[in-house]
Amino acid sequence: MRFLPPALADAQRSLSAVPYLEVTLSQRRAGVARAAFQRLYSGGEPAGPHAAALAGDGSLLRARIAGGQLYYQRVPSPGPGAPFASWTPLTSAQQSVALAALGSQVLLAYVAADGSVAVRESQDYGASFGAAVAVLPSAAGARHLALALKGGEALLAYASPSQVAVVRRTGGSWGSLSAWPHSLGSISGLACHYGGDYDLLVTGEEASGRAGVWTVVFGDGYRQASGTWSPLREVQRADAGSGVSFAAPCLSAPDLYRLAFVESYSGSQPYARLQLSHLAPDIDFADNWWREPLPSDITGSYGVAMASAPGVLWLSSTDGVWRADLSAAVLDVSGSVLALEMEEVPWGGRLRLQLVDDAALSGPNGPLQPGAEVAVSLGYLTADGPLASPAPRHWLTAVEVRSEGGRRMATLEAVSAWGLLGAWRARRQFAWAAGERNVFAILSFLWARAGIPFTTVSYSQAAVDLRPAFTVQPGQSGLEAVRRLLAMVPDVVLLSQNYALLKHPLDTETPVYTYGNDHPVLAAVARRSPPVANRVQVYGQGAFAEAFLWEDVDRSGERLLQVHDLNVASAAQAADRALWEARRLRLSLVSEEVTVPTNCAQELYDVVTVTEPSLGLTAARRRVLSIRTSYDARRGLYRQRLGLGAP
Amino acid sequence: MELVKGVVRGFDSASYRATVQLAGSLAVWLEGVPVARNIPAAQVTVGRGCVVLFFDEANPRDAVVLAVYE
């Protein structure tokens, strides 16, 4: 159950409390602002290596290489109509250029005409640069460069045809090289950003010809020991011979880590298309859980460079500049709410809202657009003022505006995070070999693909220990994949604000709330229905086990559920699986439904006690299996119907 | 059980397993899919269409290439 302030607890137990709802809308997904890019510049510069950074004074710094010449640009007030076409030739250069900025400090690195790597530094937001310092000899074979700055330290990363190495500058002196311990057949691009460690993004091909986008961390003591390298972690891959390759990666962190790279296809209908992604919220770079890359209509094999400040993200190519506002203003529509229906059920959930509308809300550019995030908090006016508890987030799927008798009303339909997961479909084969990843890690990956952060309130040992052979077929939905995966463990998933949470529902769980005494039960229904099955047979790899719901077998005869899973490889695993399946069958049975004044903090799968003499319940332990919250301002209605089952 | 269309992208006659590009997966292929032993190895050639039967849709090892064609 969510945190319940005492004053709110007192109010919700009172039959005369005044409802208080907070409802806001924003252009976000799981709290992450949508990056809607506006193109500010279209020029005629030739394609080629390029870089960008945003200085501490807001200047947009851009660099590009064309015809063996390095060009530089500083736009102090970037925006519509800014002089993005004005370039200053600096020196001769080839192959690659990189920029990094932190406060007034700016570093510019490039591969010089002789193949060496030079770095120039500015201390005035990129307005002027000192002399070039040769950091790497031509023998290093640098083809791709990336720079990162942290207070008092700089890091230059470079890629030779098949290796990545870094060199740090501390106390004004460049140190010795640290080459990564990995091996790729070829490297097509490199990006770097400092986020507690030096976080790198690499594109290229393995020696086998398999193309990929990988992250790798050069440690600075946050998630990776200082001076050491993490494993290569896959973001995207394409098998050898598929005609798909990756290049031109870039990385930035205006709000959370965002990346882009170019995916090229050389088959029929060839393309070179920018793909954009971001980490799931509150996830570290080292965890590598990225949202499904989103294709962009920005094309070209050199991709874009990213430059950012808090709340704003810039994309730059040699001939284009784009800007996205990431502030995603939150619009409070609490005062316009006429009615609300919110349903929280396993594997689903939806929200229906009726608002008093004005043209500003539902107009073509208004905030009532499909995809907008709806945050609802349920509350009451309390002795401590209005208090509310945040319910799971929803995302608009439909907006209907009705005009009647001169009055406009908007009806909003929205889905929960389960809806976002169901809308995500695998656009390629995802496969994990037995032993490769545990169930929790695969679940995290799948939820992240839909942009939802995944964590736990509790978990079974199986969710950690079981590392199954598992695949998601192309075209399969995330919801289907998660259902299949959860079938292997005794855990369930519930939603809380932006998060999906794993929970191990134990039948010994302590009740967290009481209905029927202080918190009145307004109506109650008892239901008797048989489970879908009452006998479970599990067939594994040479293993077999059974479990029964004997009380139901005796009552209504045998109904069989058979499970075939080659991941079950021992009698003990089969027995566990059979017990979990039987428990799942029990958990799916709603035995009572009670109507109560809204409990603002109630969550799915909580264990509560219920006293309702009409049903013969006295402090009966029950698990909450569904929550349907209704609010109607016109009828003064503010209630919940709770579906209850065995704990 | 599910039948899925694919294209053979590789075959190891020793283990009698194939690498298959399932319909809908442009860039990534499924490795190590068992091939029905009644299909002669010489017939399992790269580029041929194939039919894969998944006994368990979520487990790539619990599948078999039933037929190759074209």
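How many residues of chain A are in contact with how many residues of chain B? Good morning, everyone; let's start there. The count is 26 residues on chain A and 19 on chain B, with contact meaning heavy atoms within 4.5 Å.

Before going on, a word on the ground rules. This is a predicted model, where local features need pLDDT of at least 70 and side-chain atom pairs count only at pLDDT 80 or more, while totals for chains, interfaces and linings use all residues. Residues are numbered from 1 along each chain as its sequence is written, chains are lettered from A and ligands numbered from 1 in the order in which they are written, and side-chain values use heavy atoms, with hydrogens and water left out.

Back to the interface. The size of an interface is often given as the accessible area lost when the parts come together. Here chain A and chain B bury about 1800 Å² between them, 56% of it on carbon and sulfur atoms; buried area is the accessible area (1.4 Å probe) that two parts lose on being put together, summed over both. On the chain A side, A:Gln429, A:Gln473 and A:Leu566 supply 27% of the area buried against chain B, more than any other three residues.

Which elements of chain A each supply at least two residues of the side that touches chain B? They are β19 (233–238), β36 (470–472) and α6 (478–486); helices (H or I, at least four residues) and strands (E, at least two) are DSSP runs, numbered from the N terminus.

Let's stay with α6(A). Its buried residues are A:Gly478, A:Ala481, A:Val482, A:Leu485 and A:Leu486, buried being under 20% relative accessible area, exposed over 50% and partly exposed in between (1.4 Å probe, protein chains only). Those residues are on the same side of α6(A) because they cover an arc of only 130° around the axis, taken from the directions from the helix axis to the C-beta atoms. Among the elements covering them are α3 (417–423), α4 (439–449) and α8 (571–587) of chain A.

Next, some loops in chain A. A:Ser59 sits between β5 (50–54) and β6 (60–66) and is buried, at 1% relative accessible area. Its side chain makes a polar contact of 3.1 Å with that of A:Arg74. A:Pro49, in the loop between β4 (38–42) and β5, is also buried, at 16%. Its contacts beyond four places in sequence include A:Ile65, A:Val97 and A:Tyr302.

A:Asn288 has a positive phi of about 65° although it is not a glycine, and it is buried at 9% relative accessible area. A:Trp347, likewise not a glycine, has a positive phi of about 70°, but counts as partly exposed at 27%.

Terms used: A polar contact is a pair of N or O atoms within 3.5 Å; within protein, one must be able to donate a hydrogen and the other to accept it, and residues adjacent in sequence count only if both atoms are side-chain atoms.
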